[in-house]
Amino acid sequence: MKLITNIILLVVAAGCALGISGCSKEVSQLEQIGSKSEVAFTAVVPQELATRAISDGSGATALKYSVYDGDGTLIPGLSGTATMVGGSANINMTLVKNMKYKIIFWAQNPNCAAYNTSDLTAIKVNYSGIANDEGRDAFYAVKEIFVDGGFSQEVILRRPFAQINFGTADIEGFEDYGPLLQSTIEVDGLPDVFHPFENGTPQLFPPLGSMISGSISSSFSMTEFPGAPAYLYVEGYRYRYVSMNYILAPKGLGMLDKVVAKFKLKSGKQVALTVSNVPVQANYRTNIVGNLFTDIVNVRVVVDADFLNPDNNEPFPQK
């Protein structure tokens, strides 16, 4: 950009020498466009999440960011990485003044191989691997800016996922319960590409909404129940955590046709529970709770807003 600006200034200067009017004004405008400003961002995972051992965001320490011009074209020299410490990371950039930019931020566990982030405008999700994997928790943000001088801004990152939880109230006295209990979920029609630049709108599945695309089936392998915390609290009631998984979801409320939870008990016996019409929403928790092993008819589905406070709570009894 500096080399191109210098060439243009030389041409204009030559024109001025020949007596072309208005040259000083044009040179001033070009100098303003070519000058640069220091900008700083602090990428933050909301600290209130730190009260949860599951979905506290503490494992998402690898931050990647990509910078694009106002038209969405990648500027490779400005992209980079940083490490989140205590839920935040500071990023400094030198940007050309009087220009528009778009920036995508993505934070995830550095040991998680579930996401292909070679192109942050189309992040690919792999639904294989172990179930109940808190290492899949990840966050993003999109920032659009116009640089008219130096500044510093905070950027709040949110999840593009819904978290689907199963909790049961009848496990304590269940004779087949033991330390070898394992679980997984099976879901068809899952979106597997996330598009941060698109504007998501409340829609049902299908269509998926413009921020997510694709349609595949999950293939999570059985693994042990989430162990910390051991309990899931929903509307004042306590349930034993027996399954927890992340899936891409629309910004508005969407609906999965069904979710099949499978449990492997101490005796080796497997139990399957099918829940139909499951609501999901990005950055929300869907809690499926009840007496899952002894009364699979009366199951409730409750949506927690923003992983934090109860909201949009609706019972979805299975009939």
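This is a predicted model: local features need pLDDT of at least 70, side-chain atom pairs count only at pLDDT 80 or more; totals for chains, interfaces and linings use all residues.

**Strands, rings and loops**

Q: Thanks. Which strand does β13 join there, and how many bridges are there?
A: Two bridges join β13 (residues 193-194) to β7 (residues 123-125), and the two strands run antiparallel. Strands here are DSSP runs of E, at least two residues long, numbered from the N terminus, and two of them pair if DSSP finds at least two bridges between them.

Q: What's the order of the strands in that sheet?
A: The order is β6-β7-β13-β14, an open sheet of four strands with antiparallel pairing. Its edge strands are β6 (115-116) and β14 (212-213), and each of these pairs on one side only.

Q: Okay, what about β1, and which strand does it run antiparallel to?
A: β1 (residues 36-44) runs antiparallel to β4 (residues 88-96), with nine bridges joining them.

Q: Switching to rings: how many aromatic pairs turn up in the whole structure?
A: The search finds 12 aromatic pairs. Rings of Phe, Tyr and Trp (its six-membered ring) pair if their centres lie within 6.5 Å; planes under 30 degrees apart count as stacked, over 60 as edge-to-face and the rest as tilted.

Q: Why does the pair of Phe166 and Phe263 count as it does?
A: The ring centres of Phe166 and Phe263 are 6.4 Å apart and the planes are at 80 degrees, so this pair is edge-to-face. Phe166 sits in β11 (residues 161-168) and Phe263 in β19 (residues 254-264), so the pair ties together parts that are 97 residues apart in sequence.

Q: Are those two buried or exposed?
A: Both Phe166 and Phe263 are buried. Buried means under 20% relative accessible area, exposed over 50%, and partly exposed in between (1.4 Å probe, protein chains only).

Q: Which residues form the aromatic cluster?
A: Trp106, Tyr115, Tyr140, Phe161, Phe194 and Tyr246 form one cluster together.

Q: I was also looking at Met99. Where does it lie?
A: Met99 lies in β5 (residues 99-108), and at 27% relative accessibility it counts as partly exposed. Its C-alpha is 7.6 Å from that of Gly70, though Met99 and Gly70 are 29 residues apart in sequence.

Q: Now the loops. What is phi of Asn132?
A: Phi of Asn132 is near 55 degrees, which is positive in a residue other than glycine. Asn132 is in the loop between β8 (128-130) and β9 (138-147), and it is buried, with a relative accessible area of 11%.

Q: And where does Glu235 lie?
A: Glu235 is in the loop between β17 (231-234) and β18 (237-248). Glu235 also has a positive phi, about 50 degrees, although it is not a glycine. At 39% relative accessibility, Glu235 counts as partly exposed.

Conventions. Residues are numbered from 1 along each chain as its sequence is written. Side-chain values use heavy atoms; hydrogens and water are left out.
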